[in-house]
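Subject: Structure handover

Hello,

Here is the structure you asked about, with notes on what was found in it. Please read the notes with the structure open.

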Amino acid sequence: MLVMKLKISEIICANIAQASILPDKQFDIISAIRILKYNQDWQHIISNIVEKLAPGGILICTMPNKYSLTALWKDDVAYTTPQEFKQLLEQSDLRVLDMRGFSKLPDKFHTWAKSEVAAYILQNTETILQKILGPLVGTRILFATCQKIV
């Protein structure tokens, strides 16, 4: 388990399109949650983000997993495999510190769960699938924590 203690002095919230106006090599942590899946040119976006990270800086990012039930739905979201995602991050001068998945069942199942009983059943189903399939197989979202290689 990755544990970090941080003292945050400032938070800047920026649109990915505005990233070019931000200074290079200045940010200790950048979070790109639910950003990459709406863009096809992941390498370009990740490279731009890495330029903004200070040496040793941390990138936290997510991508939808191609090997999930959610990928069966036709939508405008880009999917990748855990291996492709890790390779892409490593090609961008990042060391993958941790990669895990969460939520094996599609969002639609969770939005249908209106009662405590249904939520309980879904939660236990997720737990069972996690034990059977492991941490990444079939998971809906891949969650990566990376460090910029100095």
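Among contacts in the protein between residues at least 6 apart in sequence, 75% join residues at least 24 apart; contact here means heavy atoms within 4.5 Å. The model is a predicted one, in which local features need pLDDT of at least 70 and side-chain atom pairs count only at pLDDT 80 or more, while totals for chains, interfaces and linings use all residues. Residues are numbered from 1 along each chain as its sequence is written, and side-chain values use heavy atoms, with hydrogens and water left out.

Overall make-up

The protein has 4 helices and 4 strands. Both are DSSP runs numbered from the N terminus, helices (H or I) having at least four residues and strands (E) at least two. Along the sequence they follow the pattern β-α-β-α-β-α-α-β. Of the 150 residues, 36% count as buried. Buried means under 20% relative accessible area, exposed means over 50%, and partly exposed lies in between, with a 1.4 Å probe and protein chains only.

The sheet

The 4 strands form an open sheet with mixed pairing, in the order E1-E2-E4-E3. Two strands pair if DSSP finds at least two bridges between them. Strand E1 (27-32) and strand E3 (94-102) are the edge strands, each pairing on one side only. From one strand to the next the twist averages 10 degrees. For this and the angles below, axes are lines fitted to C-alpha atoms, for helices over the stretch in contact, and angles run from 0 to 180 degrees between N-to-C directions.

Strand E2 (residues 53-64) runs antiparallel to E4, and 7 bridges join them. Cysteine 61 stands opposite alanine 144 in E4, and leucine 59 stands opposite cysteine 146 in E4. E3 and E4 also run antiparallel, joined by 8 bridges. There, leucine 94 has lysine 148 in E4 as its bridge partner. E4 itself is mostly covered, with 6 of its 8 residues buried.

How do H1 and H2 pack against each other? Helix H1 (residues 42-52) and helix H2 (residues 82-91) pack at an angle of about 45 degrees, their axes being 9 Å apart. That makes H1 oblique to H2. By the cut-offs used, angles under 35 degrees are roughly parallel, over 145 roughly antiparallel, 65 to 115 roughly perpendicular, and the rest oblique.

At the contact, Trp42, Gln43 and Ile46 in H1 meet Leu88, Leu89 and Gln91 in H2. These residues divide into 4 nonpolar, 2 polar and no charged. Ala, Val, Leu, Ile, Met, Phe, Trp, Tyr, Cys and Pro count as nonpolar, Asp, Glu, Lys and Arg as charged, and the others, Gly among them, as polar.

Residues in the loops

Leucine 36 is in the loop between E1 and H1. With a relative accessible area of 1%, leucine 36 is buried. Leaving out residues up to four places away in sequence, leucine 36 touches Trp42, Ile45, Ile46, Cys61, Thr62, Met63 and Phe85. Leucine 36 and cysteine 61 are 25 residues apart in sequence and 8.0 Å apart in space, C-alpha to C-alpha.

Threonine 139 is in the loop between helix H4 (116-133) and strand E4 (141-148). Its relative accessibility is 0%, so threonine 139 counts as buried. Threonine 70 lies 69 residues away along the chain, and the two C-alpha atoms are separated by 9.0 Å.

Most residues other than glycine have a negative phi. Arginine 34, not a glycine, has a positive phi of about 60 degrees. Arginine 34 is in the loop between E1 and H1 and counts as partly exposed at 44% relative accessibility. Aspartate 93 also has a positive phi, near 65 degrees. Aspartate 93 is in the loop between H2 and E3, and at 48% relative accessibility counts as partly exposed.

Regards
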